[in-house]
Amino acid sequence: MNIKDVAVLAGVSPATVSRFVNTPESVASATAQKIERVIDTTGYRIDRKSQAIELNKNPTIGVLIPSLLNPVFSEVVAGIQQRARHFGYSTLVVDTQYDSEQEQQAAIDLIRQRVEGVILTIADVSDNAALELLRSFKFPYCLLHNQSVENEPCVFVDNYQAGKDVAQKILEYGHTKIGMVTGHFASSDRAKKRYEGFKQGLKDSGMELSQLLEVDQNKLIPFTTSEMRLLSVECSPTVWFCSNDLLALKTMNALKSTGRRIPQDVSVVGFDGMGLGQLVSPNLSTVAVPHFDMGKMAVDILFNAKSGSIKRREFALKYELQMKGSLGAVPVITQFN
């Protein structure tokens with residue numbers, strides 16, 4: 001950080017920052033508060049030479065994602081990096097573990113680094129400290145996977161509509177006892193939208209969700225004993241819709257461990273379309289999302305929004321229902337009913 005960086009973030013001139021540092025009483029109160037907030041947030045000290053990356057020599061894009069454990073985010077980052085390299089930029093990736101406090105700290109760290117802009121996937125766009133920080137500093141950013149509520153730069157798929165489409169497809173297979181396994185809604189607005197769309201899709205056809213299982217989506221471990229109990233009770237759902245593919249694979253593993261066959265006894269549908277789902281038997285039925293292309297587009301949106309060269313700021317990409325494999329017709333007789 002240097003005095004010019006502080007001035008840009010505070011929306012004032014470098015001279016004003018200098019006056020605030022040397023004679024704070026000479027700066028208007030409202031302006032002083034803006035400068036002070038930037039200094040407090042970034043940890044800038046006037047008596048220290050800048051240790052930040054010199055962007056003219058090493059232009060960088062910050063990337064803030066919820067988890068490196070989920071392969072879909074690896075696809076996203078690969079797309080971002082490919083496109084960033086095309087423009088001569090490097091990337092700085094931060095994993096926030098689906099934690100809102102870590103998201104805020106990551107945003108602060110990236111601002112301190114004075115990256116050219118930030119591409120981020122966050123817990124919830126409607127209430128998020130990291131996003132508010134970027135907004136207040138007018139720091140260039142593009143949401144990825146999150147759908148904006150304020151006409152902000154973003155690239156996403158319509159999770160709500162996709163959830164409705166999955167519900168319709170499941171009903172076409174004759175299922176009436178329907179369950180859903182989802183990540184915690186508080187840490188993923190995408191999971192919540194998929195749930196809301198799925199529930200509405202069932203309601204539109206006069207059906208209801210039989211069972212909802214909300215779990216930690218950031219742990220690559222088998223289900224707990226209590227979670228397993230919900231999956232294996234008598235009269236349990238004949239189909240489970242999972243809010244992402246990792247949860248779907250965990251669900252398939254859990255169901256198979258109880259002796260049930262997929263899809264002969266019970267069906268499973270995921271969401272993401274990650275390649276790993278096609279390496280299991282049967283193949284995972286899923287909603288395929290173009291993660292790599294989303295990453296590339298996010299870079300273009302970020303740069304175009306930064307330069308003010310586009311009027312359209314929100315971009316919804318197409319998804320594809322891939323329902324062959326782990327989704328089958330409702331079983332007439334199973335060993336569990």
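Helices (H or I, at least four residues) and strands (E, at least two) are taken here as DSSP runs, numbered from the N terminus, and on that basis the protein chain holds eleven helices and twelve strands. The model is predicted, so that local features need pLDDT of at least 70 and side-chain atom pairs count only at pLDDT 80 or more, while totals for chains, interfaces and linings use all residues. Residues are numbered from 1 along each chain as its sequence is written, and side-chain values use heavy atoms, with hydrogens and water left out.

**Overall form**
- Along the principal axes, the C-alpha atoms of the protein chain fill a box of roughly 80 × 35 × 35 Å.
- Among contacts (heavy atoms within 4.5 Å) with a separation of 6 or more, 73% join residues 24 or more positions apart.

- Of the 337 residues, 50% count as buried, that is, under 20% relative accessible area with a 1.4 Å probe, protein chains only.

- The whole structure contains two cavities of 30 Å³ or more, a cavity being a set of points on a 1 Å grid over the protein atoms alone where a 1.4 Å probe fits but cannot get out.
- The largest cavity has a volume of about 160 Å³, and of the 14 residues that line this cavity (an atom within 4 Å of a point), Phe73, Tyr98, Ser188, Arg190 and Arg194 are the closest to its centre.
- Both α4 (71–86) and α8 (189–204) supply at least two lining residues of the largest cavity, and the largest share, three residues, comes from α8.

Key: On a 1 Å grid over the protein atoms alone, a cavity is a set of points where a 1.4 Å probe fits but cannot get out, and a pocket is an open set with protein on both sides within 12 Å along at least five of seven lines; lining residues have an atom within 4 Å of a point. Grid points are joined across faces, edges and corners, and a volume is the space filled by probe spheres set on the points.
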